[in-house]
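Reader: Let's walk through this one together. Could you start with the ground rules and then take my questions?

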Amino acid sequence: MSSPFRHLFSPVHIGKVEIKNRIAMVSMGVYSPRLTRPDGSYSREGADYYIARAKGGVGLIFTGLITITDMGPGEPFPMTNLASYTENQKYLADGIHEHGAKIFVQLTALSGRSAEGLHEPAPSALPNFWDPTKQNPEMTRAEIKEYIHNFAETAYASQLAGFDGVEIHAVHEGYLLDQFTIKATNRRQDEYGGSLENRLRFPCEVIRAIKDRCGADFPVSLRYSVKSYMKGFNRGALPGEEFVEFGRDYEESRQAARMFQEAGCDLLNCDNGSYDAWYWSHPPTYMPKACNLADAAFIKKAVDIPVACAGKFDDPELADQAISEGRIDLMGLGRPLLADPDIANKFLEGRLEDIRPCICCHQGCLSRIFLLEDISCAVNPACGREASYALGQAKVKKKVLVVGGGLGGMEAARVSALKGHTVELFEKTGTLGGVFVSASAPDFKDDDKRLLAWYRKQIADLGITVNLGVEVGVGQVEKGLYDEIFVATGAVERRLSLPGLNDDNSTYAIEAFQKGDLPGQNMVVIGGGLTGCEIAYDLARRGKAVTILEMTDTILNVPGLSAANYNMLVELLEYHQVAVMTAARLKGFKDGRAEVVKTIKNFPNVAGRAKLSCAVGPEGRDVTLYLPADHFVVSIGYLPNNDLYRRLASEKKVHLIGDAHAPANVMNAIWQAYEAAKDI
Ligand SMILES: Cc1cc2nc3c(=O)[nH]c(=O)nc-3n(C[C@H](O)[C@H](O)[C@H](O)COP(=O)(O)O)c2cc1C
Ligand code: SF4
């Protein structure tokens, strides 16, 4: 088939292995007892998750990381039984090959100081990333030798299973091998520390050991962060920020890349960042598109081996152009393939508007695996459970009513229609999308806008009858015209009534998102959840002086919010000088001043010692402060709008879904709708 993206669909070689096109699924760890086995191999369901992406057209798949270190009882570890690992992995390798794709296994030395705990050794004793008051211990030379041996043996077992290559994880993202290569995180005095050559010795020995065991022709890829973007421990550097690099800088990166090539590396699979700057490796919505492309292209100039690039890089036109110009060789896709397993085939066919976009929320993927739940996707509930969540045709075709055209309502309508039911959707406003229309208004929410456009197109293509501007009443529902009814009536904003606050000097969150700019210079945002903080960021970028008031002790205490998203938003608020007051509540507004009561508490400081010179008791002590204020944004959450549902309680086949059930997030709305509709 001729594609609009000729270069993207041209073959490329990694070592001697030919890949049919330039689209690679980059590694995403699955950490799940359902998707993996104790011997480190993938279960049938785990393998089927990858095979679905091969069927969807990608040329090369990197598995999620598989550990070469023993992490304790019950943790997947191929070295416990390499023979069974090999046997079990064959199903995956064969399944990928059936679709003409290739597969590399990613093997990891894990995390060092980036581990959530002190059990993993680091190059030197180093402050733990998650708790910098404590240190991970220094790795012994015997441990280094053991790791190298395990890398080679697991790579060989993977080769026997039919894998086409291996990827070493990772001189990237601040993992153990990355820490070895960086001066600031490697203070060793032996041959593994000191000069750049010494600091690269460990990963280079891993490359050579794999080549020795598997043969020179067995490709070895290296996951590689071109630049660390670190200002110090636990301090990332934002895009465009001026800073002195604490981690790997361009010059050292150029030299390191050449040395890896000389050691036998066949592919540099590039991104940027470190746990300390996690938003480069795991770009949230606030990160620019293709954020790592320029740096991957910089490395490409230093080496003769192919270079791949990932990171919010789902634009086939840009990828095609970058490949044609020789800036990179492969387009790396991670999350876009969770959101839409068929993305490569849709690129091939030029059906870009049919791609369900990743919205960079991390709710269904990164956050879930760190909570030890199966990998999935907020916008694609079938991800990771392709068979059990597949949508077959319903045996009995029904008449379905959907009340409410927000994300939950549209998903229920879409899934019902895909199952062959006749669907009618009613939305009381003049447009589909619900609260998501406003929430996606800021310029850093373009993927949200794409998701809305995707839903609207699917609804139209599926022939769903949509009635806009019509509010559905009980009588209409109870006429008995419908076999199944989905009530997706959304939520309403919590209101706030305080002395001095009125319609002229305060705006509620949904309207604030819609308007973007608001009158006045001194802005007070009431509520430090995700919405409040995003509005504060948006206002601060417009040059306003912004203060966030949060009643509880922390901002952004949002269930499922990834540290990548959290840290970036916190750093953006700091960068734009947004003042954050926690344990603080507004009492009223008078003469241009907000009266704020702040509760002082004796939290331990970062060193675990008293923060106050004198303890104040568990309830704390209230102090009253006055802030200059021109305008308030009220963002204090939502209440379910379930009036219709409550009045329909006698109806049997009524499903209450999304925010109307319990206000939460995109994932909640879409998953509830999918799960309810897939079984009707
Ligand atoms: C759930 C999840 C798990 C990941 N696990 C790994 C991993 O095991 N190894 C790795 O090298 N990168 C891992 N990554 C990083 C991805 O490979 C990729 O670089 C990142 O998601 C940015 O690319 P994207 O914007 O296309 O998703 C993971 C990312 C996600 C979202
Ligand atoms: S959960 Fe969110 S970030 Fe992860 S793949 Fe899905 S849409 Fe993208």
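Author: Just after α6, Gly264 takes a positive phi of about 120 degrees; helices (H or I, at least four residues) and strands (E, at least two) are DSSP runs, numbered from the N terminus. This is a predicted model, where local features need pLDDT of at least 70, side-chain atom pairs count only at pLDDT 80 or more, and totals for chains, interfaces and linings use all residues. Residues are numbered from 1 along each chain as its sequence is written, chains are lettered from A and ligands numbered from 1 in the order in which they are written, and side-chain values use heavy atoms, with hydrogens and water left out.

Reader: How far does α6 reach from its first C-alpha to its last?

Author: Helix α6 covers residues 250-263, which is 14 residues. The expected span is 1.5 Å times one less than the number of residues, giving 20 Å here. The model comes close to that, with a reach of 20 Å.

Reader: Within what arc do the buried residues of α6 fall, seen down its axis?

Author: Buried means under 20% relative accessible area, against over 50% for exposed and partly exposed in between (1.4 Å probe, protein chains only). In α6 that picks out Ser253, Ala256, Ala257, Phe260, Gln261 and Ala263. An α-helix has 3.6 residues a turn, so residues three or four places apart point the same way. Going by directions from the helix axis to the C-beta atoms, the buried residues of α6 line one face, because they fall within an arc of 160 degrees.

Reader: Are α6 and α8 parallel or oblique to each other?

Author: Using lines fitted to C-alpha atoms over the stretch in contact, with angles from 0 to 180 degrees between N-to-C directions, the two axes come within 9 Å and cross at roughly 50 degrees. Tyr250, Ser253, Arg254 and Ala257 in α6 meet Asp295, Phe298 and Ile299 in α8, where contact means heavy atoms within 4.5 Å. Under 35 degrees counts as roughly parallel, over 145 as roughly antiparallel, 65 to 115 as roughly perpendicular and the rest as oblique. So α6 and α8 are oblique.

Reader: What is the relative accessible area of Lys544?

Author: Lys544 sits in the loop between α18 (530-541) and β22 (545-549). Leaving out residues up to four places away in sequence, Lys544 touches Asp517, Leu518, Pro519, Gly520, Gln521, Met523 and Leu539. Lys544 counts as buried, with a relative accessible area of 12%.
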